[in-house]
Amino acid sequence: MNLDLRALYTSGGVATALFRAIGIPSCSTRPLPDELAGPAAGGHHGGRTGASLVGERFHAVHLDLAQAYVDAARHAQISRLLLAAHWHIDDATHRLEQARDTLSAASDPIAAATAHDLIGRFATTVALIVPNGATVAYRERSAGGEYVSRFGPLVADFPLPYFGPDVLASALHDESACEIVRAWSVRPSRARVAGLRRVTLPGGVVFDPSRPDADLYRALGESRRAVANDSTASAVVRARREEGVKGLNVAAASGNFARVDRAPLGVGKRADVELIDPWGRRFTSRVTGFVETPGPDHCPLLAGAVTATTRFVVGLIGRAVTDAGGAIAQTLVDAVTIPVRRTAP
Amino acid sequence: MIADLVRLALRVAYPTAEPAEVPIEAPSSGAPRARRRPDVMLLAVETDEDQELLGACWRRLRFDRLYAEGIVVPDDTDDPSLVEVDHWVVHNLRPGRFARDAVGPYTDRLTPWCEEVFRPAITAAKAPTGRPVGGRSWVMTWDVAAVASRVCRHPGVGGREFYGGWSLGLFDAPNAPGAGTGYPRLRLRQLRDGVVSARWGGTPTNAKGERPRRLPPILDLRHLVAAVAGPALDSLDSACTAFEIRPAGATGGGWLDRVASRVETLDGLQRAVLREIDWWSGR
């Protein structure tokens, strides 16, 4: 990939340069209909993370999933969407209900999720659900006005947007079943977008988008391993380059899809911006301070799919731990902490 | 106007070669557009570990020929060697009175020092990796944000001047030699969460109503390093360690020596980062 120094400002800049080098079009050229764009944005921004903490002082094992975002993007088949000429949208309400019920009834959820390819089938599914006390991640506005991430039983009188993996993960925790009001599935067309080009990634890994099995995120994972194991470079150089490729990978798998650019408005100045609510209704709001504009690859659908997938994987791990008689002290988007022995306070 | 510049931590604007002394001949109008090179603005800004402004120098080229150059001294320096410069600035620097010999002992040192500072920058701007950078300007600094934060903290300036962008007022002197042809301003548009968005600011028109051609992008080393080696390298020392650069030591106790050693370190780091970008690009 031929990097342009003008784009090299952060890892995200490198990821943007990589996308353009491959010929992946900007996500702004793939607008979703409002009825889906609203829930996708709401599902992404409303439930980015879920965290819970129990106990006071304990020894613990902290499992931080390596390459979590890249692997999530790979299993969520984000690469196929990026390389596709078109995206197809269809109704997935019934399929999602069936998958949730299947997972809920499974004695080994990990085996069931694998056997039914639940991540590949439902990562880019967006649903409006009435939670009915189901355990999901959500954001709660604190008394100070700031939004705080929560994870637990949620009750609401109206439908809320969530991604498919979040709906599936709720089936891992308890018997409360949410009501799936409607679900949309976004699938890639078989045809690829025109103008795709082969690129060589750091470490000499070649990514050829014309191959039927082309997967950008598998190639990025291989690139990181190749850099880390490059016997021709010193240990210092290997460590430096692996960190660089790691940043590129995270940006390509998640960060760039969530990127927004803030432009300050200046003291006393206001601007009218058009927004979309979680139910797909557009409205105009007057803002002060700054204006946010989407980055070139901004796509809440893809950003939310990746983080929801990591949450689902963490949920599967947590379920396996609790089924084995253990407990979960803390869960994050891509990590889980398991207490192993309590100590004296 | 100059008093305003002083409060903006800019003490000396010292063009050593006035336009009249360096005849500039533009390529003929029939020359291919790509060969008609516009102005080159090179700027080196240095800060210390506490993000205080150490100093800066700038050089302007037109059609690859030196057009003007100058140094920037922090206004809160306690370096006794700069007393004479300070005295000159306060009492003699007025719009339209940029005297070549006004900075006394620094007269002989300025051009060689700027030459040393800008040699790698000029090389980089032309062909750092065997090809054009893509722009014809180069901001050679570890952290543009650091410079901005220094300005932001300055009493009397604060958020009022920074909000919406900070102008490097050095280029704003309206009556300085060459100013009429349009001195650009460096504007920091955004400074949040460690991310800097900087661009060349509005450029005034000259007496003929002309504006300079489009100015090239701005980069700083901190973000170049983060782009190819991860955001954990958030200090110059850690970046030098990761890129196997040994920081240069100052050869003397003067301000110019300290800044020059800093620049030498950044020069080495910049070359290493450009080589790394070449590696990423498969060259």
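Where does Gly282(B) lie? Gly282(B) sits in the segment after α8 (255-280) of chain B. Helices here are DSSP runs of H or I with at least four residues, strands are runs of E with at least two, and both are numbered from the N terminus. This is a predicted model, in which local features need pLDDT of at least 70, side-chain atom pairs count only at pLDDT 80 or more, and totals for chains, interfaces and linings use all residues. Residues are numbered from 1 along each chain as its sequence is written, chains are lettered from A and ligands numbered from 1 in the order in which they are written, and side-chain values use heavy atoms, with hydrogens and water left out.

Stay with Gly282(B) for a moment. Its relative accessibility is 69%, so Gly282(B) counts as exposed. The cut-offs are under 20% relative accessible area for buried, over 50% for exposed, and partly exposed in between, with a 1.4 Å probe and protein chains only. Arg222(B) is 60 residues from Gly282(B) along the chain. The C-alpha atoms of the two are 22 Å apart.

Now turn to chain A. Its secondary structure comes to eleven helices and 15 strands. The radius of gyration of chain A is 21 Å, close to the 20 Å that the globule rule gives for 345 residues, so chain A is as compact as a globular protein of that length. That radius is taken over C-alpha atoms, and the rule is 2.2 Å times the number of residues to the power 0.38. Of the 345 residues in chain A, 50% are buried.

Two helix pairs in chain A come next. Helix α1 (residues 11-22) packs with helix α10 (residues 235-258) at about 85°, their axes 8 Å apart. Axes are lines fitted to C-alpha atoms, for helices over the stretch in contact, and angles run from 0 to 180 degrees between N-to-C directions. This makes α1(A) roughly perpendicular to α10(A). Angles of 65 to 115 degrees count as roughly perpendicular, under 35 as roughly parallel, over 145 as roughly antiparallel, and the rest as oblique. The contact residues divide into eight nonpolar, five polar and no charged. Nonpolar covers Ala, Val, Leu, Ile, Met, Phe, Trp, Tyr, Cys and Pro; charged covers Asp, Glu, Lys and Arg; the others, Gly among them, are polar.

Helix α3 (residues 68-75) of chain A packs with helix α11 (residues 300-323) of chain A at about 105°, with axes 9 Å apart. So α3(A) is roughly perpendicular to α11(A). Contact means heavy atoms within 4.5 Å. Ala68(A), Tyr69(A), Ala72(A) and Ala73(A) in α3(A) meet Val306(A), Thr307(A), Thr309(A) and Thr310(A) in α11(A).
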